[in-house]
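Me: I'd like to learn how to read a few features off a model. Could you walk me through them?

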Amino acid sequence: MSYSTRHRMGGKRIRMDDPVPEYENPMSPPMAPETPAPGLFHDNDMFSGSYDDTGSDIDPASVNTTYDAHFGSTVSFHVGSDVTMESPSMPNTRRRAAAAAAAGSATPGSKTPGRGKRGREQPVPAESPSPHVSPDEPVGKRPRGRAAGGSKRGAAAAATVDHSNIDEDDSLYNAVLQGKCSLQALVDDWIDDYKSNKDSTLLKLSQFFISASGCKGKITPQMASMEHAAIIRKMTEEFDEESGEYPLVMSGQQWKKFRQIFCDFVQMLVKQCQYSIIYDQYLMDNVISLLTGLSDSQVRAFRHTATLAAMKLMTALVDVALTVSINLDNTQRQYDSERQKASGKRATDRLEALMTKRQELEENMDEIKNMLTYMFKSVFVHRYRDTLPEIRAICMAEIGIWMKKFHQNFLDDSYLKYIGWTLHDKVGEVRLKCLQALQPLYSTEELKGKLELFTSKFKDRIVAMTLDKEYDVAVQAVKLVILIHKFHREILTDKDCELVYELVYSSHRAVAQAAGEFLNERLFVVDEGAVENIRTMRGKPRLPNTPLIRDLVQFFIESELHEHGAYLVDSLIESNPMMKDWECMTDLLIEENGPQEEPLDDKQETSLIEIMVCAVKQCATGEPPIGRGPTRKILSAKELKQVSDDKIRLTEHFIPTLPTLLTKYKLDPEKVANLLSLPQYFDLEIYTTSRQEKSLDMLLELIKEITDQHSEPDVLEVASKTLETICCDDARKSSRTEVALMNVLESIWLKFAAASKDYEASLAEEEPDRDDIYNLNMSLRKIAVFYGCHSFDKFEVWERLFRIIRSTHGTNLYPQEAVKHAIGACYFALLWDLKNIQEKGEHGVSGTDDVPKLHRKLNDYMFEMKNLIFQHDGPHSFKEEAYTSICDGLIIFCDQLSSQKWMETLVYKPDQELQRLLNRFMQDNVFNEDRDDELDEHARIEGLHKMRNYLAQFCKLIVYNVLPISAAADVFKYYVKHYNDYGDIIKATLGKAREINKVNCALTMIVSLTNVFAELPKSNSWMVDRSAEEFTALKDLAKRFALSFGLDGVKNRDAITALHREGILFSVNPLENPNDPTGPPPNLPFQEILSEFTNKLLKQDKRVVLQFLDHRVGSAVPSSQGAHWQPLYAYRNSLMHGESDHPPQIARRAYTRKRNVNDDAEHEELEDDQDGDMG
């Protein structure tokens, strides 16, 4: 007897040796047969375990990019050709013989009790496909909606859907949803009920799947005689899918929990039934038939829920198959052991029992495999390319589990190809599931051989996915490449590896750290033997990480991204301990090389110092570099403890080592600038607790020496900041540090005094020589840099520095660089005076004597800065420094100082002249279109950075209410035009301006739009050309402004109405066209711009705006609608909001007649009323 099943629910039959039905996908038209893309699996060859190598040199990523309508992959292929079903050969078991015997005594349609009930086999109807199909034939051609291989039995039309016969509280669905009892108890109760009444219990299970799909329909006992296809049609009629919500996709903790419990229930059911019921040829046949039908439904909820259940059912059957396999192996061993005994000791009964058990286990294994094969070809093959990405993701996740657990059956090229194809899916979540499915397979040594062919075909695609736009996918792709490297090292080319290497500089931290793990696996593997017997010149053994650090330095140099050392460190610091091997790094820098070593060259030493300093900074702060990770990361207690321990360890190492390093490299500006920053990350208490004051004295003396020797800005800034860290902390301040700091400042001041004296003496006698100019410039640079962190008040520097600034009037006696540094130093002098006054106030000491002095200095300074900006022929460096000083000074000396009565006079408010000067400088230097195209990329980036700073300084004045919001009009108008360069700054300013005052912000937008409108080209010398690109760009700007208002119309109501009012007034002013008395107002096209804001008006406000518009332009509208008047009609139509479209009321007089004073008086009252309505 062939392996067939007789479903007692309606007597329909599913034949598992029949070919699987070819489903027409409900969401897309049938696919025409196509040849797979070159370089991918060939459909027919896949089943024979071979690949078609034709065209394998073509990159899979470059194949046809036309996605299948329901698959979404970059690969087009025909499923029908690779799912031809070979009839599974099922053994005739004794259970089937018993079922046949039982069926022989039953009448058609009767229900035969006992295990193995199938009923008599019915003849196959004419429309049913032949039970035996050649492997070369296409998959079954049964009519749509029929169960697989099923024959109709009985009339189903008489059955109706009943919503009341099934008790809601007693349903499986509600029990699972509420979760009030354990799943095992729930399943056990269901099994007990099943043993006593199979039909009604199976009805409950079917209802469970229907209800879990979100369908309210009920399957009644009267529907038991219906085919599953008919039942599904009835349920579909009862299904309300308009909302698109069903349990698997509904949000909330309850539904998220339900999804998990739903999956667990299906698997628990199979687990509890695995020893008997799943082989009764009734339960599984009905469940599989129902889920297969539901998975082919046009209703998304049915398809999604049934596919999830079917996939979890297959996973549970895989677990059963593994259990059966283990039992079968044990039984076989026992049988072989018994047979090997001598004939006298051999137990015949035991042999027969073992043989019977083995035969039964083999039959069970065959039956489970047939179930898995049937479900795979009837559900998975069709749903892995479903239109719904969630369904595709489920398929990919589950097939990975089957391959891992039951690799004997599923880890084969005929199954792997589905994952390979789906690697090209257009949805990131599906691609992610593919990679996660492959990772466990590559993690197992024993599966290595079965993946070789797959790896060779899809390796390029996997490597390319490391650059995926979805960062989660890219991370998993890198991890998969790492696993491929472990077990298939030879298959990855150097080009593949270099692609992953570059990702350590990625801005996404997870991707970079995954790439760092790949580096650790391929390049940075510790080899204890590599440093054996290798010693320094003085005999110190080299540490094991020495060759790795050398390789790291070489990798950093070859990457040619020297300014991104912090990114490289961040990629490796959590995965490779060599990044914290301070002793190994400093030994390479300090110790002389032994006879067997090559010394580091200058570039290698510089790179090693940069890497070491970046690692120290990250260990001491626990913060990733700027641009990676959250801007404000809150460290956990464990992370804080790790940071504290790392900080103590690095401090203990570098306290005695740093003076040696500084002494060796003190003449190299780049190296010493990095090394000088190290004390900023020390735990300075250790200097005292470990009695290392001598090392501190050496460090302070070296800082003074380096400051005297160097004039590079980077070195001076780091030295100043380090001195501030060591000497200016009140908790650690001591006489030793105060004296050291004063010595440095005094040395700087004395050098300036001497250089200034020499320069002025040379100036009086003859032209100063180059040495005099250089000494003056460098001494002033040091003062300007150190003034930012330390006060020079004890040296009375203001008069001497301010005198240099004043010398710019007329003939400039001082070098430009000296004046520039003097401007910066005087600015800091003002800030230190303000700080001293505030500190006196905090201690209750009146600063009334100092306030007038600071007030005079501030006014003098601002006056000179305005003169520098105003000078048209003055040096640009003066203007830059003056602009920066004014913007920063206005923020410091703003209204916040007036909170203290005695400091009110220090508030500096910019007058109209200063506002115009700042605006003009910003316009000329930020939005100037005349740029030098001959500059290299680095120079262009530097220039853009400087211009962004100028814009940010100006916008900051608006954000802090120093300048009125209206000053932003000349900034907002460039929002779209310069979006790539400054869009983030302008957007932030726009948002802050709205927070300050919504109405003023809206009016500023109108001013920006009108300013741009006034500059538009004219088509006939007076009317704006609405077809011009500039007009389209203005509309885009208006759209962007409109979007910035958000969706809350009530909150923005006043602002939007004020915007429309001002826009209308602008568009009709002048109302009479001076060039053409019969023509429209010259600014009328502006109403087309206003139309972009109409959807932000509330309905009642649209009527008010419409009345205001008609009142303003009603008497000027012609009786015929000309092209020039179209903006008016378009604007009016946008305000109608569904009301009957009628033109504005036309005055009885001829529209050519000009309005006189009396006309204006007639409408004066109405105008006042409507102005009030418009706000």
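This is a predicted model: local features need pLDDT of at least 70, side-chain atom pairs count only at pLDDT 80 or more; totals for chains, interfaces and linings use all residues.

Me: Is Met235 buried or exposed?

Reply: First the cut-offs: buried means under 20% relative accessible area, exposed over 50%, and partly exposed in between (1.4 Å probe, protein chains only). Met235 has a relative accessible area of 0%, so it is buried. This residue lies in helix H6, residues 228–238; helices (H or I, at least four residues) and strands (E, at least two) are DSSP runs, numbered from the N terminus.

Me: Which residue is 7.1 Å from Met235, C-alpha to C-alpha?

Reply: That's Cys215, which is 20 residues from Met235 in sequence. Leu741 sits in helix H28 (residues 735–765), and with 12% relative accessible area it is buried. Between the C-alpha atoms of Leu741 and Lys704 there are 8.6 Å, with 37 residues separating them along the chain.

Me: And where is Leu1047 found?

Reply: Look in the loop between helix H39 (1029–1043) and helix H40 (1053–1067). Leu1047 has 88% relative accessibility, so it counts as exposed. Its C-alpha is 7.8 Å from that of Lys1096, although Leu1047 and Lys1096 are 49 residues apart in sequence.

Me: Now salt bridges. How many does a search of the whole structure find?

Reply: The general idea is that side chains of opposite charge can pair when their charged atoms come close. Here a salt bridge is a side-chain nitrogen of Lys or Arg within 4 Å of a carboxyl oxygen of Asp or Glu. Searching the whole structure gives 47 of them. One of these joins the side chains of Glu338 and Arg350, at 3.4 Å from N to O. That pair links distant parts of the chain, with Glu338 in helix H9 (residues 300–339) and Arg350 in helix H10 (residues 348–383), 12 residues apart. Glu338 is buried at 4% relative accessible area, whereas Arg350 is partly exposed at 40%.

Me: What does Arg1061 form a salt bridge with?

Reply: Its partner is Glu1062, and the closest N and O atoms are 3.3 Å apart. Arg1061 is buried, at 16% relative accessible area, while Glu1062 is partly exposed, at 32%.

Me: Which parts does the salt bridge between Asp1110 and Arg1132 tie together?

Reply: The side chains of Asp1110 and Arg1132 meet at 2.9 Å, N to O. Asp1110 is in helix H42 (residues 1099–1113) and Arg1132 is in helix H43 (residues 1126–1136), so the pair ties together parts that are 22 residues apart in sequence. Arg1132 has a relative accessible area of 1%, so it is buried. Salt bridges can also share partners: Arg509, Asp570, Glu574 and Arg628 are joined into one network that way.

Me: How many disulfides are there?

Reply: A disulfide is a covalent bond between the sulfur atoms of two cysteines. The rule used here is a pair of cysteine sulfur atoms within 2.5 Å, and by that rule the count is zero. As for accessibility, Cys181 is partly exposed at 39%, and Cys1001 is buried at 1%.

Me: What about phi: what value does Gln281 have?

Reply: Gln281 has a positive phi of about 60°, although it is not a glycine. You'll find Gln281 in the loop between helix H7 (253–272) and helix H8 (283–295), where it counts as buried at 2% relative accessibility. Asn961 also isn't a glycine, and its phi is positive, near 65°. That residue is in the loop between helix H35 (937–959) and helix H36 (969–972), and it is partly exposed at 49%.

Me: Last one: which residues form the negative surface patch?

Reply: They are Glu765, Glu766, Glu767, Asp769 and Asp771. Patches are made of residues with over 30% relative accessible area and no salt bridge, joining like charges within 9 Å and nonpolar side chains (Val, Leu, Ile, Met, Phe, Trp, Tyr) within 5 Å. Accessible areas come from the Shrake-Rupley method with a 1.4 Å probe, and for residues only the protein chains shown count as cover. Lys and Arg count as positive and Asp and Glu as negative, with His and the chain ends not counted; a charge is placed at NZ of Lys, CZ of Arg, CG of Asp or CD of Glu. Asp771 belongs to helix H29 (residues 770–787) and is exposed, at 55% relative accessible area.

Definitions and conventions. Residues are numbered from 1 along each chain as its sequence is written. Side-chain values use heavy atoms; hydrogens and water are left out.
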